[in-house]
Amino acid sequence: MLGPAISSSNPTKALNDAQLFGIGLRHEHYQQALTCPADIDFVEVHTENFFAPGGASAELIREISKHYELSLHCTAMGLGSIDRPSDSYMETIARLNQEHKPLFLSDHASFNRAATKSGTNAKPIFTGDLLPLAFNREWLSALSDNVNYVQDKLGRQILVENLSSYFQYDEDEMMETDFLNQLVEKTNCGLLLDLNNILINAHNKQSSNPLHDAISWTESINLNAVQEIHLAGFSQDKVASFYIDDHSQAVSDECWALYRNTIQRLGNVSTLIEWDNSLPSWETLVAELDKARAIVSELESEYYLKQALPS
Amino acid sequence: MSDIQTLQGSVLEDIYRFGEQDTSAAHTQVYQNNLLASAFRSLSIAYPCTQQLIGDEALKALAAMHLQQQPLQAADWSEFGHLLAKIIASNEAFESYPYLSDVARYEALIFESERSKDELFNQSSVFKLQESEIDNVYIRFQESFRILESPYPIEDIYRANLSEAAEPDQYLQSAKKKLEQDEYQERLMIYRCRYKAHSIAVAKNEFAFISACINGLSIGAALDTIEIKAHRSGENKGLDLGSVLSLLIQHQAISELYIQ
């Protein structure tokens with residue numbers, strides 16, 4: 001749908017961008033999503049789950065894309081790593097991009113591999129995880145090089161997602177938002193704003209007011225580059241007292257508040273609910289997305305009302 | 001090494017020191033837990049029968065051993081687990097499961113087969129047998145095709161332990177009978193029918209022929225090898241080429257025949 005300008009701060013984007021509502025589609029819901037297609041605009045799948053060149057998963061993603069617009073969300077490009085993603089990895093991503101022509105293709109501002117001192121050769125080892133980056137010029141340069149490389153290889157813009165992190169580096173030289181804004185300038189990539197990750201980082205930095213800090217974070221980011229928002233829930237590690245980005249809960253009230261605030265300033269932007277662990281029913285997940293729709297609809301009404309009433 | 005290389009390398013080394021949890025900072029333990037959980041999940045997907053046989057805790061321990069012996073080598077978790085059968089075979093804790101290593105080998109082949117690219121048999125390629133001597137005709141096997149030899153009734157053990165097994169006792173009885181045979185040897189070919197990998201037992205000479213062709217011998221050379229071996233061992237069971245080719249074609253093992 002085409003929504004109105006909710007905020008005067010970003011009217012062009014609000015008027016021109018279609019606002020789509022999607023759900024992260026996971027294994028447990030494949031069958032139901034296909035047999036009872038829901039009224040959603042797109043689904044996002046983890047790209048690496050469909051790397052097999054043939055067999056059931058290759059057929060499954062073909063079926064999914066017959067029913068829904070697709071977003072390919074990658075977790076293993078390791079864009080902030082010092083070396084490039086391997087040729088075989090890129091060939092697979094390119095094949096999936098070519099075949100399914102996804103609405104969005106995204107990965108994270110993270111690294112996942114490195115050569116180690118104890119390694120027997122220069123071949124990197126992997127963690128299969130999203131490891132945080134140091135926010136300085138050297139790391140920005142590595143990230144930018146890889147984002148440019150991937151965009152050139154795929155012939156399209158990719159979205160880069162802000163990360164939840166459980167530590168910071170002494171080597172940080174700038175704010176995360178400055179780092180990401182400069183990445184956009186250097187690569188013309190889009191941003192995937194994960195509001196849950198911003199909140200988790202605020203909590204893990206022992207912020208006295210995580211929502212306030214998260215709002216400040218979104219006020220510092222280049223909103224014109226934001227193409228998609230992720231909403232999710234988190235849990236707390238009781239032993240380490242960390243907030244963990246495990247996507248095992250409903251979207252928190254705090255995250256909804258941040259979403260409302262962000263949409264007021266950002267205007268129309270595609271929104272996706274991520275729920276990866278302790279999954280609820282498909283219907284519950286779809287209902288969670290309806291909450292996002294309701295917030296946007298409410299903000300639109302408020303906007304029209306303001307326009308209609310004499311000042 | 002540049003600063004960034006050094007720092008990234010040291011973060012990874014800290015994460016891979018998951019056996020020394022007392023020395024790891026709490027934030028590193030979050031990533032260590034993720035690494036171990038992902039490795040376990042990856043093995044659970046590829047090795048369901050092994051998991052059923054030894055339980056979750058033992059599989060978690062194997063995942064940790066695997067990571068210690070060979071850290072993750074690729075971005076894709078589906079490429080993790082190649083050492084599992086070897087680790088099981090060399091681990092005293094699994095001595096009471098002498099067949100476990102071969103079960104893991106079998107599951108690895110099933111997993112690979114089900115992920116392979118979809119192929120069709122080039123039917124017209126059978127005319128290569130008319131166009132040339134069989135010494136010049138080779139078999140290109142489908143990527144989903146695999147073979148496995150074991151002294152244990154792996155197929156029955158696998159079927160008996162899968163959660164969806166309809167009649168596990170039937171498979172266990174069958175396995176027992178096979179183990180009672182002198183020098184039992186199971187020879188399987190693993191093939192994919194649509195999306196599901198299956199296996200079927202083949203005779204000794206059929207297995208030898210298929211192995212020889214997989215190893216790059218022409219059809220004629222593979223037949224010669226079998227005849228020589230059979231002659232040496234005093235077995236004079238000839239191989240019916242038509243039957244074995246028909247068996248392979250029927251089970252979607254062959255991509256095409258070609259002349260070299």
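1. Axes here are lines fitted to C-alpha atoms, taken for helices over the stretch in contact, and angles between N-to-C directions run from 0 to 180 degrees. The model under discussion is a predicted one. In chain B, helix α1 (residues 3-16) packs against helix α2 (residues 26-46) at an angle of about 65°, and their axes lie 8 Å apart.

2. Angles of 65 to 115 degrees count as roughly perpendicular; α1(B) and α2(B) are therefore roughly perpendicular to each other. The crossing in which α1(B) passes α2(B) is right-handed.

3. The residues at this helix contact can be named. From α1(B), D14(B), I15(B) and Y16(B) meet T28(B), Y31(B), Q32(B) and L35(B) of α2(B). Sorted by class, the contact comprises four nonpolar, two polar and one charged residues.

4. Chain B also has an open sheet of three strands, ordered β2-β3-β4, with antiparallel pairing.

5. The pairing of β2(B) with strand β3 (residues 186-193) of chain B is antiparallel and comprises five bridges. Within β3(B), R187(B) is the residue that stands opposite E149(B).

6. Helix α10 (residues 204-214) of chain B packs on the sheet, where α10 touches β2 and β3 of chain B. The direction of α10 makes about 130° with that of β2(B).

How values were computed:
Residues are numbered from 1 along each chain as its sequence is written. Chains are lettered from A and ligands numbered from 1 in the order in which they are written. This is a predicted model: local features need pLDDT of at least 70, side-chain atom pairs count only at pLDDT 80 or more; totals for chains, interfaces and linings use all residues. Side-chain values use heavy atoms; hydrogens and water are left out. Helices (H or I, at least four residues) and strands (E, at least two) are DSSP runs, numbered from the N terminus. Angles under 35 degrees count as roughly parallel, over 145 as roughly antiparallel, 65 to 115 as roughly perpendicular and the rest as oblique. A crossing is left-handed if the near helix is turned anticlockwise from the far one by less than a right angle, and right-handed if clockwise. Contact means heavy atoms within 4.5 Å. Ala, Val, Leu, Ile, Met, Phe, Trp, Tyr, Cys and Pro count as nonpolar, Asp, Glu, Lys and Arg as charged, and the others, Gly among them, as polar. Two strands pair if DSSP finds at least two bridges between them.
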